[in-house]
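Please look through the sequence and the structure shown here before reading on.

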Amino acid sequence: MHQITKSNNLFEEAQKYIPGGVNSPVRAFKAVGGNPIFIKKAKGAFIFDEDGNEYIELINSWGPMILGHANSKIEEAVQKAISGSLSFGAPTAIEIEMAKTICEMVPSIEKVRMVNSGTEATMSAIRLARGYTGRSKVIKFEGCYHGHGDSFLIAAGSGAITLGEPNSPGVTKGTAQDTVTVPFNDVNKVHEAVRANKENVAAIIVEPVAGNMGCVLPAEGFLEGLREICNAEGIVLIFDEVMTGFRLSPSGAQGVFDVQPDITTLGKIIGGGMPVGAYGGKREIMDFVSPVGPVYQAGTLSGNPVAMAAGLAMLSQIKEDQTLYSDLALITAKLENGLQEGLDNLGLPYTINRIGSMISVFFTSEKVSNFEDAKKSDLNLFGQYFREMLKRGVYLPPSQFESWFISKSITPNLVDRIVEASNESLRVIHQ
Ligand SMILES: *Cc1c(COP(=O)(O)O)cnc(C)c1O
């Protein structure tokens with residue numbers, strides 16, 4: 001039996017001292033019901049909670065653990081770095097190595113600045129785009145997540161085409177005025193928004209493959225359409241590849257779809273599990289960043305030697321492993337096929353979206369190509385499914401609107417176990 005006594009006790013205790021008991025909201029399981037499990041350790045494809053339960057890991061720290069947990073080369077690199085002190089706040093050689101590696105792996109990046117999180121990367125990227133163009137507005141897409149910066153916590157308002165509305169208390173109307181939110185995969189709406197804000201759009205920011213409304217692929221021509229609009233209107237195109245960077249290919253989604261942004265934001269995998277982010281792009285734009293340019297951006301711990309060591313050990317393994325992405329795609333396709341077969345056998349019409357090692361099962365019979373579609377999912381049913389899967393030792397992201405992340409440690413045998421758990425869970429929630 002699946003005992004979670006210790007986790008429950010820890011959650012009680014945590015809520016006394018930490019808002020909601022967690023340091024990032026999705027961890028609290030509010031979207032799926034029940035209490036979060038507290039993690040003790042993880043290795044390879046498995047994560048272990050405080051009660052000693054073992055789970056097959058499909059969150060993988062929301063992406064970074066693409067090589068599986070406790071990767072020995074990353075751990076060795078970190079241990080070596082630690083012995084030389086944890087931080088200097090001064091330049092180091094390893095930062096050059098990191099920057100060079102990123103520029104080599106992602107050809108659209110000619111220069112790059114390291115930061116400490118994906119949120120910092122996107123906040124800095126739009127400031128840079130505004131500074132570079134001298135314009136104010138940013139266009140983003142419904143259901144895309146770009147971290148918790150004020151400019152991104154904006155919903156499409158009543159005058160959606162020209163100004164948004166705060167999506168969280170604490171975000172001012174003034175800030176919301178400068179963000180325009182349009183539906184994902186809708187180039188026509190982008191055209192409209194650009195026309196309505198003539199000569200005042202600094203940037204279009206997009207997850208080239210959306211992972212934060214569940215996995216949603218770009219429609220044919222969508223990314224190309226954005227590129228054309230940006231070229232025609234002098235707008236900076238930002239691909240937020242915090243999730244897809246080093247996840248879909250060594251050069252991220254831009255390598256897969258062959259569309260080059262002006263600025264790319266990175267995070268998650270780039271830190272190998274340490275808190276790291278980065279933004280980079282065309283030399284001409286990046287040279288607007290201080291100290292060489294006028295756009296201010298800084299960080300006491302940016303380029304931290306331990307974080308750089310972890311990230312570099314991650315990226316060098318990705319570079320060396322010629323079959324990493326084809327292997328990941330193959331194993332995830334096996335998972336997709338197994339899940340689909342299970343749904344078919346039970347006569348359930350749900351929708352699976354997948355690309356490479358990102359996959360989502362939406363509890364809706366309709367095709368999911370934007371946030372409106374994703375929201376048609378039966379969230380209550382997803383919550384039940386999540387809890388049944390957890391009982392059966394499969395640790396899924398605790399929300400319908402998150403992608404599952406497959407790591408290199410997931411074997412065909414483990415895929416069979418996940419599929420079996422899924423079939424049993426589906427049967428239980430539909431009886
Ligand atoms: C996770 C994520 C972020 C935010 O990164 P943090 O490191 O959590 O601040 C931004 N953009 C995308 C696409 C993400 O997936």
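A salt bridge is a side-chain nitrogen of Lys or Arg within 4 Å of a carboxyl oxygen of Asp or Glu. Arg392 and Glu388 form such a bridge, with their closest N and O atoms 2.7 Å apart. The model is a predicted one.

**Salt bridges**

Side chains of opposite charge can pair when their charged atoms come close. In the whole structure, the search finds 16 salt bridges. The table gives three of them.

| Pair | N to O distance |
|---|---|
| Lys111 and Asp287 | 2.8 Å |
| Asp262 and Lys282 | 2.7 Å |
| Arg392 and Glu388 | 2.7 Å |

Lys111 and Asp287 meet in a salt bridge. Lys111 belongs to strand S4 (residues 111-115) and Asp287 to the loop between H9 and H10, so their pairing ties together parts that are 176 residues apart in sequence. Lys111 is partly exposed, at 36% relative accessibility, and Asp287 is partly exposed at 25%.

The side chains of Asp262 and Lys282 also meet in a salt bridge. This pair links distant parts of the chain, 20 residues apart: Asp262 is in the loop between helix H8 (252-257) and S11, and Lys282 is in the loop between strand S12 (277-281) and H9. Asp262 is buried, with a relative accessible area of 5%, whereas Lys282 is partly exposed, with 38%.

Glu388 is buried, with a relative accessible area of 12%, and Arg392 is partly exposed at 30% relative accessibility. Glu388 and Arg392 belong to a network of salt bridges that also includes Lys391 and Glu424.

The chain is divided into domain 1 (5-70 + 323-429) and domain 2 (72-320). Their centres, taken over C-alpha atoms, are separated by 26 Å. Domain 1 brings 30 residues to the contact and domain 2 brings 31 residues.

The size of an interface is often given as the accessible area lost when the parts come together. Between domain 1 and domain 2 the buried area is about 2300 Å², and carbon and sulfur atoms give 67% of this. On the side of domain 1, the residues that lose the most area to domain 2 are Tyr325, Ile355 and Met358, which together make up 27% of what that side buries.

Which kind of pairing is found across this interface? The rule finds 10 residue pairs in polar contact, but 0 salt bridges. Helix H11 (324-345), strand S13 (351-355), strand S14 (358-362) and helix H12 (371-374) each supply at least two residues of the side of domain 1 that touches domain 2. S14 gives the most, with 4 residues. By type, the residues of that side divide into 18 nonpolar, 9 polar and 3 charged.

**Backbone and a buried threonine**

Most residues other than glycine have a negative phi, and most peptide bonds are trans. Phe29 has a positive phi of about 65 degrees; Phe29 lies in the loop between helix H1 (5-17) and strand S1 (39-43) and is buried at 3% relative accessibility. Glu199 has a positive phi near 65 degrees, but Glu199 is exposed, with a relative accessible area of 55%. The peptide bond from Ser290 to Pro291 is cis, with omega near 10 degrees.

Thr265, in strand S11 (residues 263-266), is buried, with a relative accessible area of 0%. The side chains of Thr265 and Asp240 are joined by a polar contact of 2.9 Å.

Methods
Residues numbered from 1 in each chain as written. Predicted model: local features only at pLDDT ≥ 70, side-chain atom pairs only at ≥ 80, totals over all residues. Heavy atoms only, no water. Domains from an automatic or database assignment. Contact = heavy atoms within 4.5 Å. Buried area = accessible area lost by both parts, 1.4 Å probe. Polar contact = N/O pair within 3.5 Å; in protein donor to acceptor, adjacent residues only side chain to side chain. Nonpolar A, V, L, I, M, F, W, Y, C, P; charged D, E, K, R; others polar. Buried < 20%, exposed > 50% of the residue type's maximum accessible area, 1.4 Å probe, protein only.
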